[in-house]
Amino acid sequence: MRHRPQPIYADPGTEPKLPKKIFAHASPTSIGGRSLFEMDDLTAETALAAAAPHDVMRDAAAALEEAGFDILHVWPTTISFAGSPKLFAREFNCKLKAKERPVSRDRSRPDKATFIDCKRTDQSGLIDTTGTRYAGLIEGIAVDEPRFVSQESIAPKTDYWHLNVPGDVSGGCGAARAHRIGLTGQGVRVVMVDTGFEDHPYFAARGYNIRPVEAGPGATAPDKDECGHGTAQAANLLAVAPGVELTMVKMHASNSVAAFNHAVSLSPDVISLSWGGDLAAEPLSAPDKALAAAVAYAVKHGITVVCAAGNGVFGFPAQHPDVIAAGGAYMEPDRRLRASDFSSGFESKVYPGRNVPDVCGLVGMQPTAAYIMLPVPSGSELDRYCSLAGDGTKGGDGWAALSGTSAAAAQIAGVCALVLEANPSLTPAELRDILRRTARDVTEGRGGDATLGRPGMGHPAEVGEDLATGSGLVDAYKAALVAKVNGYGDHYSPFYSIRVGGPRPMPEQPPQAERPSTPSPASPQPAQPAQPVTMFSGTGAAQPPNAWPTSQGMTRMERDLLIKLIIDADLD
């Protein structure tokens with residue numbers, strides 16, 4: 001099964017048609033004096049130059065609304081709006097044309113999707129406002145394009161090795177040990193932008209702090225997750241960080257920039273994106289630039305953004321230099337690690353010097369990456385199709401086996417929450433650096449290969465950083481310890497002792513940090529508290545809080561030495 005998002009796709013042999021409603025993003029005249037769509041360096045360092053003054057943003061939104069467009073979301077970099085093709089043609093003197101282009105959603109066979117372009121411009125998705133009444137107020141308009149969840153896969157028909165949530169995922173990412181020293185993500189706000197979230201007995205039994213779903217601009221039915229993808233990824237994230245405050249923004253697949261900006265407006269600490277486009281080497285399209293500007297603006301304002309690297313595709317926005325790109329590592333039953341050959345790993349041709357991924361979460365192997373048994377809404381697309389394919393579940397039972405870099409992004413977002421609880425003062429760049437410095441090196445296997453006939457994939461895992469797994473599999477426990485010590489140049493916070501519990505008020509039914517459960521090939525059972533076993537438990541329990549070293553009164557050299565000792569130590 002391959003989930004098809006909301007955009008219209010043409011039937012084979014027919015000309016694609018324009019949808020009745022087109023989603024787009026207007027860029028009012030930027031502060032920096034240069035059009036957002038002419039900027040090639042849309043990073044956190046230049047994000048403010050791509051923003052517009054408040055009065056210009058207000059006037060541009062008012063002009064679009066007066067013309068009859070629906071204003072969906074107003075943000076410092078872009079205004080998200082929608083209207084009919086006739087309204088676009090009348091207001092911008094531009095005939096829009098739907099074009100069918102080849103796309104790669106993941107490791108499946110090549111597919112096609114419908115994109116919308118303006119005949120007057122060469123840049124994909126760009127509408128030039130020159131010669132219209134909006135010239136001087138709006139510097140350009142990006143017609144949004146389809147984004148695809150990093151869609152995983154379906155389980156094989158035979159018995160297979162797989163992981164269960166929460167215990168196996170939290171153990172494999174090093175989070176279970178962090179839980180035992182009192183770190184669960186308490187007080188950290190995470191927003192996930194995905195297909196939605198629908199309640200499930202698995203979540204209800206654990207008392208997670210899940211806020212009501214926010215419908216992104218253009219999205220409908222916020223209480224439903226018709227696909228099941230977002231619900232599944234929420235389980236991955238909460239397995240790692242059961243104490244976070246999680247909000248889901250349900251995204252319309254043809255209005256991703258607006259959904260992302262809506263997530264930013266909620267002022268989270270972390271945003272998790274398990275979707276993206278495929279950008280091998282082409283210049284950024286207009287909607288890609290709008291998304292790049294939105295990501296840069298978020299990171300500039302202290303929000304950590306985690307993106308799925310893709311499953312055999314050149315994922316974007318994972319290539320953006322300010323985000324944490326999530327790749328995949330596979331853990332065998334004996335805990336040996338190898339690169340997931342389902343996950344993308346590549347050198348970006350769009351951003352020179354940018355390698356993807358940064359670090360990895362837990363992801364399965366070819367052909368299907370069926371690796372983690374996850375709760376999904378009963379009757380959702382994933383529930384129905386995975387059971388029909390023989391993943392060991394029954395249609396309507398609310399469970400499906402999947403993974404992919406979607407799962408990795410959610411897991412890594414959870415690790416970020418644990419590290420930020422340990423040290424809330426970390427910047428997104430410092431947080432990414434900690435994850436990379438403390439990751440478990442993966443030295444076996446190859447990353448996602450080039451079976452789709454695309455060069456630049458299939459790199460070997462080697463000692464040290466590589467294009468298969470980046471710095472390796474995340475280790476939440478080590479990362480949290482290093483964050484506690486915190487020795488970053490002139491920017492660091494005083495160390496405070498690791499605790500169990502603590503003075504922070506807890507919810508009436510606090511999430512429980514659960515220990516690993518024993519994975520099995522059997523079909524999933526109703527949600528039960530995980531039982532401790534030996535697979536991920538390590539060789540000993542965490543020491544009491546007062547047994548950990550403190551850095552109070554240490555010199556910087558002594559702190560750096562302590563960090564090195566933590567990174568080099570075998571804490572398993």
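Two strands count as paired here if DSSP finds at least two bridges between them. In this predicted model, that criterion picks out an open sheet of three strands, ordered S9-S23-S24, with mixed pairing. Strand S23 (residues 372-375) and S24 run antiparallel and are joined by four bridges, with Leu374 sitting opposite Ala400 of S24. The edges belong to S9 (163-164) and S24 (399-402); each has a single partner strand, so one side of each goes without a neighbour in the sheet. Helix H6 (residues 229-240) packs on this sheet, where it touches both S23 and S24, and its direction makes about 115° with that of S23.

As for Leu237, leaving aside residues up to four places away in sequence, its contacts are Val190, Met192, Val244, Leu246, Ser272, Ala410, Ala413 and Gly414.

H7 (residues 256-265) and H8 (residues 286-300) pack at an angle of about 10°, their axes 10 Å apart, which makes H7 roughly parallel to H8. On the H7 side the contact is made by Val257, Phe260, Asn261 and Val264, while H8 brings in Pro287, Ala290, Leu291, Ala294, Val295 and Ala298. By type, the residues of this contact come out as nine nonpolar, one polar and no charged.

Methods: Residues numbered from 1 in each chain as written. Predicted model: local features only at pLDDT ≥ 70, side-chain atom pairs only at ≥ 80, totals over all residues. Heavy atoms only, no water. Axes fitted to C-alpha atoms, helices over the stretch in contact; angles between N-to-C directions. Helix = DSSP H or I, 4+ residues; strand = E, 2+ residues; numbered from the N terminus. Parallel < 35°, antiparallel > 145°, perpendicular 65-115°, else oblique. Contact = heavy atoms within 4.5 Å. Nonpolar A, V, L, I, M, F, W, Y, C, P; charged D, E, K, R; others polar.
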